[in-house]
Amino acid sequence: MAVAAVTAVVIDDHPAVRAGVAHWLSAGEPPISVVAEGKDVGCAWVGPGAAADVVILDLHLGGHVPALGDLRRLTDAGRRVVVYSMRADDATALTCLELGALCYLTKAEGDDHLVEATRVAAGGGRYTPPALAGALAADRSERRPALTLRETEVLIEWFQSESKDLVAHRLGISPSTVNSHLERIRIKYAEAGRAVSTKVALAARAIEDGLIDIDDL
Amino acid sequence: MPTVRLALLAVLVFTQFAVSAPTMLSGHTRYLSHELTFVTYGAAALLTAASAVWVLRRRPLPRALVVVGVPGALLASVVSTAVVPPDRYFTPFDWSFGLVGWLLFVLLADRTALLLAALGTHVASSVVQFAMAGIPDRLVLGTGAILVISGTGLQVAVALGIRALRRGERMSGEVAAERDRVETRQALAQQHGSEHWLRFAGHLGTTLPLLTAIADGTADPRDAEVRREAARAAAQLRRLFAENDDVPDPLVHELSSCIDVAERRGITVSLVISGETTPVPTVARRGLTEPVIAALSSTEGKARVSLLRTGAEVRVAVVTNGMSQPEADRVAYPRLPGVEVSWHAYGGHRRMEAKWRSQR
């Protein structure tokens with residue numbers, strides 16, 4: 001049975017990065033084809049990019065202001081977005097997850113993580129690279145979900161070692177259990193984020209409809 | 001002072017019992033009044049005995065004794081002189097003259113001015129009594145004058161000698177105290193200097209002994225162990241320089257400096273940081289970076305250095321593969337209190353983690 005190849009659209013303002021990403025994805029097992037690329041988010045909305053499985057989005061397109069608005073529009077439309085950023089900023093990473101990105105990847109991390117993130121995202125899954133795991137482990141905001149001790153350990157070990165084998169050995173579990181822990185952590189985060197955005201959206205709609213007043217909040 | 005007083009007491013006792021007593025006893029019939037003679041002698045003896053109690057214990061005489069004793073002695077002298085036949089003034093018959101002088105000495109040994117005043121009063125009163133008895137002939141006058149001058153002169157000289165002695169004592173006491181102060185300051189400065197040197201040498205870590213050993217020839221740079229030690233020493237020096245920089249995040253700055261040295265050796269090091277900047281004291285920072293230096297200096301392949309800061313703890317980890325040192329225990333580094341360090345090896349990887357908790 002032939003599995004449809006995963007397609008991706010790469011949005012980055014550096015041509016060299018676009019070429020490099022395309023090369024990495026095509027060298028993956030199985031290869032992922034880049035159907036569109038450009039420095040404008042429009043590539044993901046019109047043309048061949050509109051039908052791509054995954055959008056790989058550089059957060060800092062030609063400026064210091066992160067393209068969070070573009071990210072939200074893409075995720076609201078149901079697109080699967082992998083954020084690919086030069087900055088290793090914890091707060092930005094968590095915000096992108098909250099806005100619905102499936103993965104936040106720093107450009108310092110290697111091709112393995114990018115390929116894996118894209119493949120997992122094509123299926124709607126959430127991949128957690130080591131740097132993101134560190135951001136989750138260090139998260140001290142009030143909106144973070146309650147993680148078990150074992151889950152926190154998994155995050156920290158993965159952040160420190162970048163080797164699932166080593167993490168599994170240190171914690172005495174199998175590598176697949178490590179993966180399932182990471183998935184569960186991401187689900188918890190997604191649910192915590194969704195609750196907030198749902199409440200906010202609800203309040204905004206109610207104000208729009210005139211049911212409540214801003215002063216009532 | 002106590003010794004001087006003892007000497008004075010000895011003179012007084014000798015005079016009282018060995019000189020005055022025989023004189024008085026042998027000629028008591030010739031005194032104008034036996035009773036008064038005995039009474040005054042007894043009073044003088046009483047005062048002598050009372051003073052002896054304190055002088056022998058080497059303690060100062062109580063004020064009460066002095067206040068009673070001095071006028072008492074002077075009175076005794078006047079009365080006893082009054083009962084001496086007029087032609088016997090300033091002769092050995094007048095036993096009270098010298099005796100009272102020495103008694104005054106023992107009573108007022110510490111107060112030179114008062115002593116001189118009392119002696120003056122005593123001599124004056126004796127002379128007045130002598131004069132009142134009528135103008136004697138030149139022989140008696142002469143003998144009397146010699147007695148007065150020699151006796152009093154000796155006593156005044158002793159009084160002044162005591163005063164000079166006390167001044168000298170005081171000055172030597174001050175000089176000794178000053179010398180002690182200077183010696184203490186010197187000792188403290190020396191100790192401070194040596195501590196400073198030790199701290200400085202401690203900061204340099206293994207650099208000094210290593211360089212010395214290479215210079216001596218006891219350490220061969222071709223030896224892998226020596227090269228590893230040299231890598232450690234270079235990283236420690238580099239970190240020492242970084243410690244003196246004024247940066248917002250000193251721990252990251254120092255970690256970067258350790259990594260910098262390792263990268264120059266050809267190791268690929270990636271540094272990942274998570275969490276907010278946490279203030280870490282210098283000692284703890286050193287405790288966290290020492291094992292990092294040890295881990296990096298004993299690896300030849302790739303290394304991943306991670307720094308995680310949650311609110312309560314700071315964790316630094318180094319995961320290497322392609323290590324040259326199979327046993328982590330063989331890597332020596334100073335362990336500092338408050339920092340937990342653990343080593344773990346698996347497959348081709350070696351992992352070191354250093355943990356520090358804030359708000360112990």
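Mentor: Let us begin with a term: a salt bridge is a side-chain nitrogen of Lys or Arg within 4 Å of a carboxyl oxygen of Asp or Glu. The model is a predicted one, in which local features need pLDDT of at least 70 and side-chain atom pairs count only at pLDDT 80 or more, whereas totals for chains, interfaces and linings use all residues. Residues are numbered from 1 along each chain as its sequence is written, chains are lettered from A and ligands numbered from 1 in the order in which they are written, and side-chain values use heavy atoms, with hydrogens and water left out.

With that rule, two salt bridges are found across the interface of chain B and chain A. In one of them, the side chains of B:R304 and A:E162 meet at 3.1 Å, N to O. Since B:R304 lies in strand β2 of chain B and A:E162 in the loop between α7 (149–161) and α8 (164–171) of chain A, the pair joins two chains; helices (H or I, at least four residues) and strands (E, at least two) are here DSSP runs, numbered from the N terminus. B:R304 counts as buried at 6% relative accessibility, while A:E162 counts as partly exposed at 32%, where buried means under 20% relative accessible area, exposed over 50%, and partly exposed in between (1.4 Å probe, protein chains only).

A salt bridge also forms between the side chains of A:E157 and B:R351, at 3.4 Å, N to O. These two residues belong to a network of salt bridges that links A:E157, A:R170, B:E313, B:R315, B:R351, B:E353 and B:R357. Within chain B, the side chains of B:E353 and B:R315 meet in a salt bridge at 2.7 Å, N to O. B:E353 lies in strand β5 of chain B and B:R315 in strand β3 of chain B, so this pair ties together parts that are 38 residues apart in sequence. B:E353 counts as buried, at 4% relative accessibility, and B:R315 also counts as buried, at 11%.

Now consider the interface as a whole, to which chain B and chain A each bring 19 residues, contact meaning heavy atoms within 4.5 Å. The two chains bury about 1,600 Å² between them, 58% of it on carbon and sulfur atoms; buried area is the accessible area (1.4 Å probe) that two parts lose on being put together, summed over both. Of the area that chain B buries against chain A, 34% is supplied by B:R304, B:Y346 and B:R351, more than by any other three residues.

On the side of chain B that touches chain A, at least two residues come from each of β1 (268–275), β2 (299–309), β3 (313–323), β4 (339–346) and β5 (349–357) of chain B, and the largest share, five residues, comes from β2(B).
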